[in-house]
Amino acid sequence: NNNNNNNDVMILKHERAMTDAHFPVPNELTTILSCSHDNTVREWDARTNNNNCAVAQARVPNHILGKNGSLETCSIGGANETILAVSCGEKILFYDRRMIRQGGGGGGKETMMIKQFEDAHSETVTKLRFHPEKRHILQTSSVDGLTCTFNLLNEIDDENSLVSIGTANAAINEFGFLSSTTSSGSTSKNILWALTGIEEIHLFDCDAGVATCGVEIGHVKNAREKAREAAKQAKAMSVKKASSSSSISKKGLKDLIENGVDYIINVIDGGEANNHKYYACCGTINGTVGLFPIAYDEIAMRSETSTQPLTLLAPEYVLPNDSSSEQGGRGGDREDLMMKGHGDIVRCLLASSSSTAMTTDSQNVLHLYTGGEDSSVCSWTTTKDEGHNNNNNNNNDNNNNNNNNN
């Protein structure tokens, strides 16, 4: 926030580097959870102006952390949102959130742990998240290349609660949930995407209520190289066609084509506006972001349990970088003057849930939020015209990727 009024800014303050922070509870929109190398996991209320005081805190003692242990990730869930899970090395620690809120971890005191998983993973746990819809389901990932699904409805036990194990054969750095169509025709977040340290994307069935939970159903090998190839495919698109597309930045597309994709950020669900199409979000070192559709045979995915090879198609959305900094005194076209994205590597991208409702007869609107190493957070509203391929208006030189640097 550029406002200098400190009352408008909330600062989550730990004593050492923060390793995880997110909004953990879907129906508690002001609750923020964070953990840090200061050996604490803290719960914050976004409505408070007291930046130095968490509403709850759990401190993990050194004898549990071990010699080289540190807190890496945390999550809140359970049937009544009462379970706090935090990782320490290969271990997963569980606390009663209600006890912590009553002061069980304040003042440097050791917080009473209710359970500990020691055998679920053999190497450092990289992420913990409770399922966004089935709140008693805990999903985990680790450097050991495994993603585990636990059902904590009746008990918290690393053997009895284990539902399934999926393997990516490489360290899993990040994962998330995607929507799929159920047999009844409704949508549910029953697909798990996982991104490995060798930049491969895996899709797993994560429906804890079916026998195929944990089965890998899709795999994008060498995702960065596939994104580079897909960007080159977009080169066939004429300049006029690219500039008439309201979802593709001309300067950003040029960056993707000429300099290539440098890294994979994550995977998102395009929502109802894009028929729940999955996109691999890829970036360049200049700050450009491209959303590349993940291509698969939908009928085969529903009927087969074996892994399918997946690929990436030419980007349907391209968010520009801060092209004004590159153009300098050379001026620039209309897009250069209007569009300012990130000027450095983009580390995170979030698709707003409101995107699922933003559809019109001729346009699909996608709301995105990005954060980068340039210390900027950008809010984007980008529109994809279904009929833009037939648009011959050569004067439409600007796109509708409207962003705000905060």
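**Strands, rings and cores**

Guide: Let's begin with a strand pair: E14 (residues 187-196) and E15 (residues 201-205) run antiparallel, joined over five bridges. Keep in mind that this is a predicted model.

Visitor: OK, and which residue is the bridge partner of leucine 195 in E15?
Guide: That's isoleucine 201.

Visitor: What order do the strands of the sheet come in?
Guide: The order is E13-E14-E15-E16, four strands in an open sheet with antiparallel pairing. Strand E13 (172-181) and strand E16 (216-220) are the edge strands, each pairing on one side only. On average, neighbouring strands in this sheet are turned by 25° against each other, ignoring direction.

Visitor: What actually holds strands together in a sheet?
Guide: In general, strands pair through backbone hydrogen bonds, either parallel or antiparallel.

Visitor: Back to isoleucine 201. What is it in contact with, leaving aside neighbours within four places in sequence?
Guide: Its contacts include Ala194, Leu195, Gly218, His219, Val220 and Ile264. Isoleucine 201 also belongs to the largest nonpolar core, which has 28 residues; Ile201, Leu203, Phe292 and Ile294 are the ones that touch the most other members.

Visitor: Which element gives the most to this core?
Guide: Helix H3 (223-233), with four residues. Among the others giving two or more are E14, E15, E16 and helix H5 (250-259). There's also another core lying apart from that one, with 18 residues, among them Val25, Ala56, Leu71 and Val86.

Visitor: New topic: how many aromatic pairs are there?
Guide: The structure holds four. In one of them, the ring centres of phenylalanine 175 and phenylalanine 177 are 6.1 Å apart.

Visitor: Why is that pair called edge-to-face?
Guide: Because the ring planes of phenylalanine 175 and phenylalanine 177 sit at 90°, and over 60 degrees counts as edge-to-face. Phenylalanine 175 and phenylalanine 177 are both buried. Lysine 127 lies over the face of phenylalanine 175, at 5.2 Å from the ring centre.

Visitor: And what about tyrosine 279 and tyrosine 317, how far apart are their ring centres?
Guide: They're 5.7 Å apart with planes at 75°, so that pair is edge-to-face too. This pair links distant parts of the chain: tyrosine 279 is in strand E18 (residues 278-283) and tyrosine 317 in strand E21 (residues 317-319), 38 residues apart.

Visitor: Which residues form an aromatic cluster?
Guide: Phe94, Phe117 and Phe150 form one.

Notes. Residues numbered from 1 in each chain as written. Predicted model: local features only at pLDDT ≥ 70, side-chain atom pairs only at ≥ 80, totals over all residues. Heavy atoms only, no water. Pairing = 2+ DSSP bridges. Axes fitted to C-alpha atoms, helices over the stretch in contact; angles between N-to-C directions. Phe/Tyr/Trp six-rings, centres within 6.5 Å; stacked < 30°, edge-to-face > 60°. Buried < 20%, exposed > 50% of the residue type's maximum accessible area, 1.4 Å probe, protein only. Lys NZ or Arg CZ within 6 Å of the ring centre and 35° of its normal. Core = buried A, V, L, I, M, F, W, Y, C linked by side-chain atoms within 4.5 Å. Contact = heavy atoms within 4.5 Å.
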